[in-house]
Amino acid sequence: MGSAVALSVFDLFSVGIGPSSSHTVGPMRAARMFAGSLRDSGLLPETVRVTAELFGSLGATGHGHGSEGAVLLGLEGADPETVDPASIGPRTQVIRSEGRLTLLGTRPIGFADDDLVLYRRKVLDFHPNGMVFTAYDAQGCEIRSRTYYSVGGGFVVSHDRPDGRGGAVVSDSSMLPRPFRTGGQLLAHTAAKQAPISAVMLENELVWRSEVEIRDRLLALWQVMQDSIAAGCRIHGVLPGGLKVRRRAAELHDRMADPTRAADSLAAMDWVSLYAIAVNEENAAGGRIVTAPTNGAAGVVPAVLQYYQRFVAGADDDGVVKFLLTAGAIGIILKETGSISGAEVGCQGEVGSACAMAAGALTEVLGGSPTQAENAAEIAIEHNLGLTCDPIGGLVQIPCIERNAVGAVKAITAARLALGGDGAHFVSLDKVIKVMRETGRDMSSKYKETSRGGLAVNVVEC
């Protein structure tokens with residue numbers, strides 16, 4: 001069957017900060033990794049200056065995505081999972097105003113504005129999201145330089161592993177009992193085991209953690225998702241970044257929760273849209289969310305999972321765990337054989353991937369077979385093919401927030417279509433992922449998270 005990179009469900013789902021997994025979470029992790037490499041090699045005491053250069057999509061939209069603050073705090077040792085989102089802006093201002101930062105919180109060095117450069121037009125060879133960090137000693141001599149790539153979903157790879165695997169933030173060579181990289185391989189395991197996708201995924205997860213720990217961690221992720229929905233439904237105001245986009249989720253929630261509201265046969269779909277909008281408004285505001293599998297697509301999986309828990313009879317925590325395990329398995333296939341990076345393949349790799357993950361997962365918890373779940377994921381990707389990533393102003397706001405709502409509803413539709421069949425279908429998940437990858441390769445770079453095409457240039461900013 002071939003070797004498979006040992007990826008966990010917790011690689012696809014991790015707690016982070018907005019507004020972007022590839023442009024905020026990834027750069028923070030890369031900067032922290034570089035500072036850690038200075039410490040581990042004994043070079044930290046010699047370092048008096050560090051420069052950071054961001055290329056391609058990072059350079060083009062880094063200002064709107066908060067990449068600069070992420071890099072500076074990452075050099076100081078901040079971690080996306082634990083950093084206080086509210087501290088990033090103020091701390092960045094202090095670093096710039098005082099002209100100094102503290103590597104890993106222990107080594108003070110000088111900082112000048114030209115130590116952090118965003119190149120809007122230069123692109124490194126391997127991936128559009130490239131970063132180069134360089135450290136210098138007191139004589140101005142270079143003592144270390146490293147190149148990193150933020151390849152989507154918060155994953156970071158280093159220049160010495162251009163295959164995009166071994167250098168990932170969380171990845172190892174553990175031998176999995178049920179290794180898979182493709183949908184065909186995953187279905188072969190479910191057939192051999194006579195078990196659903198979630199059971200195959202759980203068997204692999206047991207290599208790293210006990211079943212109790214897996215369950216607890218997945219339910220903890222679900223709690224963060226629910227918290228982001230609740231926060232989005234509570235907070236009024238305007239999103240940061242200059243577009244003056246009004247937050248709508250709280251107003252929508254108040255209107256929909258009104259007991260005098262007339263009965264509506266499509267009310268459930270309205271709630272699903274609200275859940276997705278709430279999460280992505282939190283993301284756009286730089287709040288804490290769960291990458292699922294990216295920040296730009298973070299609202300789809302929580303919205304569909306909340307739909308399951310609220311509107312499906314018999315929904316329980318066991319179902320939540322199975323949902324996330326199934327979604328993680330599909331996400332691994334997408335990452336390994338396709339892409340979850342908007343800078344690489346457009347939004348078909350972000351909202352499209354999230355839609356497929358949610359569709360397959362919902363199908364399983366609604367009683368669908370593995371082939372029906374694979375069919376649902378295929379339907380979801382097929383009908384996101386060619387989706388561009390053209391955020392206005394480089395901000396994860398327009399069209400990203402509404403796009404998550406549409407993606408969540410589309411995931412439910414895909415699940416219901418698959419459940420209406422017997423699992424047999426003409427186009428396999430593997431084939432449609434291949435098409436997605438090829439479509440992304442053919443797509444003009446201006447439609448891949450550079451804000452140089454589509455809505456980003458054809459809508460007048462007021």
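The model is predicted: local features need pLDDT of at least 70, side-chain atom pairs count only at pLDDT 80 or more, and totals for chains, interfaces and linings use all residues. Residues are numbered from 1 along each chain as its sequence is written, and side-chain values use heavy atoms, with hydrogens and water left out.

**Threonine 61**

Select helix α3, residues 56-65, and pick out threonine 61 within the helix. Helices (H or I, at least four residues) and strands (E, at least two) are DSSP runs, numbered from the N terminus. Threonine 61 has a relative accessible area of 2% and is therefore buried; buried means under 20%, exposed over 50%, and partly exposed in between, with a 1.4 Å probe and protein chains only. Show its contacts (heavy atoms within 4.5 Å): not counting residues up to four places away in sequence, threonine 61 touches His23, Gly394, Glu449, Thr450 and Ser451. Its side chain also makes a polar contact with the side chain of histidine 65, at 3.0 Å. A polar contact is a pair of N or O atoms within 3.5 Å; within protein, one must be able to donate a hydrogen and the other to accept it, and residues adjacent in sequence count only if both atoms are side-chain atoms.

**Helix α8 and the cores**

Next select α8, residues 211-234. Among the buried residues of α8 are Ile214, Leu218, Trp222 and Met225. Centre on leucine 218: leaving aside neighbours within four places in sequence, its contacts are Val9, Phe10, Val321, Leu324 and Leu325.

Leucine 218 is also one of the residues with the most contacts inside the largest nonpolar core, which has 98 residues. A nonpolar core is a set of buried Ala, Val, Leu, Ile, Met, Phe, Trp, Tyr and Cys residues joined through side-chain atoms within 4.5 Å. The largest share of this core, 11 residues, comes from helix α12, residues 317-337. A second, separate core of 27 residues includes Ala31, Ala35, Leu38 and Ile95.

Stay on α12 and select threonine 326. Threonine 326 is buried, with a relative accessible area of 0%. Beyond four places in sequence, threonine 326 is in contact with Ile197, Ser198, Gly360, Ala361 and Glu364.

**Backbone details**

Go to the loop between β1 (14-17) and α2 for proline 19. The peptide bond from glycine 18 to proline 19 is cis, with omega near 10 degrees. Another cis bond joins isoleucine 398 and proline 399, with omega about 10 degrees; proline 399 is in the loop between α15 (370-382) and α16.

Then select leucine 104, in the loop between β3 (100-103) and β4 (107-110). Its phi is positive, near 50 degrees, in a residue other than glycine. Finish at lysine 244, in the loop between α8 and α9 (249-256). Lysine 244 has a positive phi of about 60 degrees although it is not a glycine, and it is exposed, with a relative accessible area of 67%.

**The largest cavity**

As a last stop, select Gly296, Glu350, Cys389, Val396 and Cys400, the lining residues nearest the centre of the largest cavity, which is lined by 20 residues. On a 1 Å grid over the protein atoms alone, a cavity is a set of points where a 1.4 Å probe fits but cannot get out, and lining residues have an atom within 4 Å of a point.

Methods:
Expected span 1.5 Å × (residues − 1). 1 Å grid on protein atoms, 1.4 Å probe; cavity = no way out; pocket = protein on both sides within 12 Å on 5 of 7 lines; lining within 4 Å.
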